[in-house]
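This report looks at a few local features of one model. The sequence and structure come first, and the text then goes through the features in turn.

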Amino acid sequence: MAHRVLIIEDEKQLARTLRGYLEQAGFEVLVAYDGRTGYFMARQEKPDLIILDLMLPEMDGLDVCRALRRDPDPTVADVPIIMLTARVEETDRVLGLELGADDYVTKPFSPRELVARVRALMRRLQPVGTGRTQRTALLRAGDLTLDPVRREVRVQEQLVDLTPTEYEILYLLMSHPGRPFTRSEILDRVQGLAFEGYERSVDVHIKNLRRKLGDDPRHPRYIQTVYGVGYKFIGEVTSDR
Ligand code: CA
(Lines give C-alpha, C1' and ligand atoms only; values in the text may rest on other atoms or scores of the structure.)
Protein backbone atom coordinates (compact mmCIF):
# COMPACT_ATOMS: atom_id res chain seq x y z
CA MET A 1 0.00 0.00 0.00
CA ALA A 2 1.06 3.55 -0.66
CA HIS A 3 3.21 5.38 1.83
CA ARG A 4 1.69 8.60 3.06
CA VAL A 5 3.54 11.88 2.93
CA LEU A 6 2.38 15.01 4.75
CA ILE A 7 3.46 18.29 3.14
CA ILE A 8 3.43 21.29 5.50
CA GLU A 9 4.02 24.27 3.25
CA ASP A 10 2.31 27.66 3.09
CA GLU A 11 3.20 28.36 -0.55
CA LYS A 12 0.16 26.75 -2.07
CA GLN A 13 1.51 26.55 -5.58
CA LEU A 14 4.65 24.78 -4.38
CA ALA A 15 2.58 22.46 -2.21
CA ARG A 16 0.41 21.57 -5.20
CA THR A 17 3.41 20.95 -7.41
CA LEU A 18 5.02 18.68 -4.82
CA ARG A 19 1.78 16.87 -4.28
CA GLY A 20 1.53 16.18 -8.01
CA TYR A 21 5.07 14.81 -8.23
CA LEU A 22 4.67 12.66 -5.14
CA GLU A 23 1.34 11.24 -6.26
CA GLN A 24 2.88 10.49 -9.62
CA ALA A 25 5.58 8.60 -7.74
CA GLY A 26 2.91 6.50 -6.00
CA PHE A 27 2.67 8.24 -2.64
CA GLU A 28 -0.52 9.21 -0.91
CA VAL A 29 -0.26 12.89 -0.05
CA LEU A 30 -1.76 15.08 2.68
CA VAL A 31 -1.24 18.84 2.70
CA ALA A 32 -1.38 21.49 5.42
CA TYR A 33 -0.80 25.19 4.75
CA ASP A 34 0.26 26.29 8.22
CA GLY A 35 2.36 24.88 11.01
CA ARG A 36 -0.37 24.38 13.56
CA THR A 37 -2.66 22.50 11.18
CA GLY A 38 0.31 20.47 10.00
CA TYR A 39 1.26 19.57 13.53
CA PHE A 40 -2.23 18.36 14.35
CA MET A 41 -2.50 16.46 11.08
CA ALA A 42 0.84 14.79 11.78
CA ARG A 43 -0.41 13.61 15.17
CA GLN A 44 -3.79 12.50 13.89
CA GLU A 45 -2.87 10.95 10.57
CA LYS A 46 0.55 9.53 11.47
CA PRO A 47 2.06 9.93 8.00
CA ASP A 48 5.07 7.87 6.97
CA LEU A 49 7.11 10.98 6.20
CA ILE A 50 6.74 14.75 6.58
CA ILE A 51 8.02 17.47 4.26
CA LEU A 52 8.17 20.48 6.52
CA ASP A 53 8.77 24.07 5.45
CA LEU A 54 10.85 26.14 7.85
CA MET A 55 9.00 29.47 7.57
CA LEU A 56 5.32 28.89 8.27
CA PRO A 57 2.42 30.90 9.66
CA GLU A 58 0.92 29.95 13.08
CA MET A 59 3.80 27.72 14.17
CA ASP A 60 7.13 27.66 12.37
CA GLY A 61 8.84 24.56 11.05
CA LEU A 62 11.35 24.26 13.86
CA ASP A 63 8.61 24.42 16.48
CA VAL A 64 6.60 21.80 14.61
CA CYS A 65 9.65 19.55 14.38
CA ARG A 66 10.51 20.02 18.04
CA ALA A 67 6.94 19.34 19.16
CA LEU A 68 6.66 16.19 17.04
CA ARG A 69 9.95 14.80 18.30
CA ARG A 70 8.70 15.18 21.88
CA ASP A 71 5.42 13.45 21.21
CA PRO A 72 4.64 10.58 23.61
CA ASP A 73 3.43 8.45 20.69
CA PRO A 74 6.54 6.86 19.13
CA THR A 75 4.98 6.62 15.66
CA VAL A 76 4.62 10.42 15.78
CA ALA A 77 7.93 11.15 17.46
CA ASP A 78 9.90 8.98 15.02
CA VAL A 79 8.35 10.19 11.78
CA PRO A 80 11.00 10.97 9.14
CA ILE A 81 11.13 14.71 8.43
CA ILE A 82 12.63 16.54 5.47
CA MET A 83 12.94 20.25 6.20
CA LEU A 84 12.51 22.80 3.40
CA THR A 85 14.38 26.00 3.88
CA ALA A 86 14.77 29.17 1.85
CA ARG A 87 17.64 30.25 4.05
CA VAL A 88 21.06 29.19 3.03
CA GLU A 89 22.81 29.96 6.27
CA GLU A 90 24.57 26.97 7.68
CA THR A 91 23.20 27.71 11.16
CA ASP A 92 19.65 27.04 10.04
CA ARG A 93 20.62 23.76 8.47
CA VAL A 94 22.44 22.67 11.58
CA LEU A 95 19.59 23.81 13.81
CA GLY A 96 17.06 21.88 11.72
CA LEU A 97 19.11 18.71 11.91
CA GLU A 98 19.79 19.17 15.61
CA LEU A 99 16.11 19.46 16.31
CA GLY A 100 15.57 16.17 14.63
CA ALA A 101 14.95 16.73 10.94
CA ASP A 102 16.37 13.78 8.99
CA ASP A 103 17.29 15.74 5.91
CA TYR A 104 16.91 19.24 4.51
CA VAL A 105 16.47 20.72 1.06
CA THR A 106 17.23 24.33 0.27
CA LYS A 107 14.83 26.28 -1.94
CA PRO A 108 14.71 26.55 -4.86
CA PHE A 109 14.99 22.83 -5.59
CA SER A 110 13.76 20.51 -8.28
CA PRO A 111 10.66 18.50 -7.32
CA ARG A 112 12.28 15.43 -8.85
CA GLU A 113 15.20 15.78 -6.51
CA LEU A 114 12.88 16.07 -3.54
CA VAL A 115 11.01 12.93 -4.60
CA ALA A 116 14.35 11.13 -4.81
CA ARG A 117 15.21 12.31 -1.29
CA VAL A 118 11.83 11.14 -0.01
CA ARG A 119 12.40 7.71 -1.52
CA ALA A 120 15.92 7.51 -0.15
CA LEU A 121 14.78 8.46 3.32
CA MET A 122 11.92 5.96 3.24
CA ARG A 123 14.35 3.25 2.21
CA ARG A 124 16.83 4.21 4.86
CA LEU A 125 14.35 4.43 7.71
CA GLN A 126 11.60 2.04 6.77
CA PRO A 127 12.50 -1.37 5.43
CA VAL A 128 9.64 -2.91 3.46
CA GLY A 129 7.33 -5.07 5.53
CA THR A 130 7.89 -3.28 8.81
CA GLY A 131 6.90 0.02 10.27
CA ARG A 132 3.71 1.78 10.86
CA THR A 133 1.75 1.09 7.70
CA GLN A 134 -1.23 -1.10 8.34
CA ARG A 135 -2.96 -0.21 5.15
CA THR A 136 -3.57 -3.84 4.24
CA ALA A 137 -5.76 -4.56 7.24
CA LEU A 138 -9.27 -5.79 6.57
CA LEU A 139 -11.74 -3.33 8.10
CA ARG A 140 -14.98 -4.53 9.67
CA ALA A 141 -17.91 -2.66 11.10
CA GLY A 142 -20.96 -4.79 11.87
CA ASP A 143 -21.85 -6.64 8.69
CA LEU A 144 -19.76 -4.33 6.51
CA THR A 145 -16.24 -5.35 5.51
CA LEU A 146 -13.69 -3.52 3.40
CA ASP A 147 -10.65 -5.30 2.01
CA PRO A 148 -8.02 -2.73 0.93
CA VAL A 149 -5.88 -5.37 -0.76
CA ARG A 150 -8.63 -6.55 -3.11
CA ARG A 151 -10.46 -3.23 -2.95
CA GLU A 152 -13.61 -5.17 -2.19
CA VAL A 153 -16.54 -4.13 -0.04
CA ARG A 154 -19.09 -6.60 1.27
CA VAL A 155 -22.31 -6.27 3.22
CA GLN A 156 -23.41 -9.54 4.84
CA GLU A 157 -20.77 -11.29 2.71
CA GLN A 158 -22.37 -9.96 -0.48
CA LEU A 159 -20.03 -8.06 -2.77
CA VAL A 160 -21.09 -4.44 -3.26
CA ASP A 161 -20.26 -2.92 -6.63
CA LEU A 162 -18.72 0.49 -5.90
CA THR A 163 -17.11 2.99 -8.24
CA PRO A 164 -13.46 3.79 -7.43
CA THR A 165 -14.54 7.16 -6.01
CA GLU A 166 -17.21 5.62 -3.79
CA TYR A 167 -14.69 3.05 -2.60
CA GLU A 168 -12.12 5.74 -1.76
CA ILE A 169 -14.65 7.83 0.14
CA LEU A 170 -15.75 4.80 2.15
CA TYR A 171 -12.14 3.84 2.83
CA LEU A 172 -11.33 7.37 3.99
CA LEU A 173 -14.29 7.56 6.37
CA MET A 174 -14.03 3.98 7.60
CA SER A 175 -10.34 4.18 8.35
CA HIS A 176 -11.03 7.18 10.61
CA PRO A 177 -14.16 6.12 12.49
CA GLY A 178 -15.80 8.93 14.41
CA ARG A 179 -13.76 11.66 12.75
CA PRO A 180 -15.88 14.11 10.79
CA PHE A 181 -14.59 15.07 7.34
CA THR A 182 -15.62 18.27 5.61
CA ARG A 183 -16.64 18.09 1.97
CA SER A 184 -13.52 19.97 0.98
CA GLU A 185 -11.32 17.53 2.91
CA ILE A 186 -13.00 14.65 1.12
CA LEU A 187 -12.48 16.45 -2.21
CA ASP A 188 -8.83 16.97 -1.35
CA ARG A 189 -8.15 13.47 -0.18
CA VAL A 190 -10.00 11.27 -2.58
CA GLN A 191 -8.04 10.88 -5.74
CA GLY A 192 -9.94 11.75 -8.87
CA LEU A 193 -12.60 13.65 -6.99
CA ALA A 194 -10.74 16.96 -7.07
CA PHE A 195 -11.29 17.06 -10.82
CA GLU A 196 -15.03 17.22 -10.26
CA GLY A 197 -14.15 20.27 -8.29
CA TYR A 198 -17.25 21.18 -6.31
CA GLU A 199 -18.32 20.14 -2.88
CA ARG A 200 -21.83 19.08 -3.81
CA SER A 201 -20.42 16.24 -5.89
CA VAL A 202 -19.34 14.70 -2.57
CA ASP A 203 -23.01 14.61 -1.55
CA VAL A 204 -23.92 12.79 -4.73
CA HIS A 205 -21.27 10.12 -4.16
CA ILE A 206 -22.32 9.71 -0.52
CA LYS A 207 -25.93 9.33 -1.59
CA ASN A 208 -25.00 6.58 -4.05
CA LEU A 209 -22.73 4.93 -1.50
CA ARG A 210 -25.50 4.85 1.09
CA ARG A 211 -27.94 3.38 -1.38
CA LYS A 212 -25.50 0.63 -2.36
CA LEU A 213 -24.66 -0.17 1.27
CA GLY A 214 -28.32 -0.10 2.26
CA ASP A 215 -27.59 2.64 4.77
CA ASP A 216 -30.58 4.81 5.64
CA PRO A 217 -29.43 8.43 6.17
CA ARG A 218 -32.18 8.98 8.76
CA HIS A 219 -31.05 5.96 10.78
CA PRO A 220 -27.49 5.42 9.60
CA ARG A 221 -25.44 2.41 10.59
CA TYR A 222 -22.31 3.52 8.74
CA ILE A 223 -22.22 7.04 7.36
CA GLN A 224 -23.64 9.89 9.36
CA THR A 225 -24.22 13.44 8.14
CA VAL A 226 -22.60 15.94 10.48
CA TYR A 227 -24.67 19.07 10.01
CA GLY A 228 -22.66 22.12 9.08
CA VAL A 229 -19.54 19.99 8.68
CA GLY A 230 -19.74 16.97 6.39
CA TYR A 231 -19.72 13.25 7.05
CA LYS A 232 -18.31 10.71 9.43
CA PHE A 233 -18.24 6.95 9.83
CA ILE A 234 -20.12 5.74 12.87
CA GLY A 235 -19.93 2.35 14.45
CA GLU A 236 -16.94 0.50 15.77
CA VAL A 237 -14.35 -0.53 13.23
CA THR A 238 -12.04 -3.46 13.88
CA SER A 239 -9.17 -4.52 11.67
CA ASP A 240 -7.70 -7.95 10.91
CA ARG A 241 -4.35 -9.09 9.57
CA1 CA B 1 7.13 29.22 3.83
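D53 is buried, because its relative accessible area is 3%, under the 20% that marks a buried residue. The model is a predicted one. D53 belongs to strand β3, which covers residues 49-53. Its side chain makes a polar contact of 3.1 Å with the side chain of K107. Beyond the neighbours within four places in sequence, the residues in contact with D53 are I8, E9, D10, G61, L84 and K107.

Strand β3 also takes part in covering helix α2. In this helix, residues 35-45, the buried residues are G35, G38, Y39, M41, A42 and E45. They lie on the same side of α2, because they cover an arc of only 165 degrees around the axis. An α-helix has 3.6 residues a turn, so residues three or four places apart point the same way. Besides β3, the elements that cover these buried residues include β1, β2, α3, α4 and α8.

Both ends of α2 have a local detail. At the start, a side-chain oxygen of D34 comes within 3.0 Å of the backbone nitrogen of R36. Just after the helix, K46 has a positive phi of about 50 degrees.

Another region involves strand β6, residues 138-141, which pairs with two strands.

| β7 (residues 144-147) | antiparallel | 3 bridges | T145 |

β6 and β7 form a hairpin with 2 residues between them. In the turn, G142 has a positive phi of about 60 degrees.

Conventions:
Residues are numbered from 1 along each chain as its sequence is written. This is a predicted model: local features need pLDDT of at least 70, side-chain atom pairs count only at pLDDT 80 or more; totals for chains, interfaces and linings use all residues. Side-chain values use heavy atoms; hydrogens and water are left out. Helices (H or I, at least four residues) and strands (E, at least two) are DSSP runs, numbered from the N terminus. Buried means under 20% relative accessible area, exposed over 50%, partly exposed in between (1.4 Å probe, protein chains only). A polar contact is a pair of N or O atoms within 3.5 Å; within protein, one must be able to donate a hydrogen and the other to accept it, and residues adjacent in sequence count only if both atoms are side-chain atoms. Contact means heavy atoms within 4.5 Å. The arc is that of the directions from the helix axis to the C-beta atoms. Two strands pair if DSSP finds at least two bridges between them.
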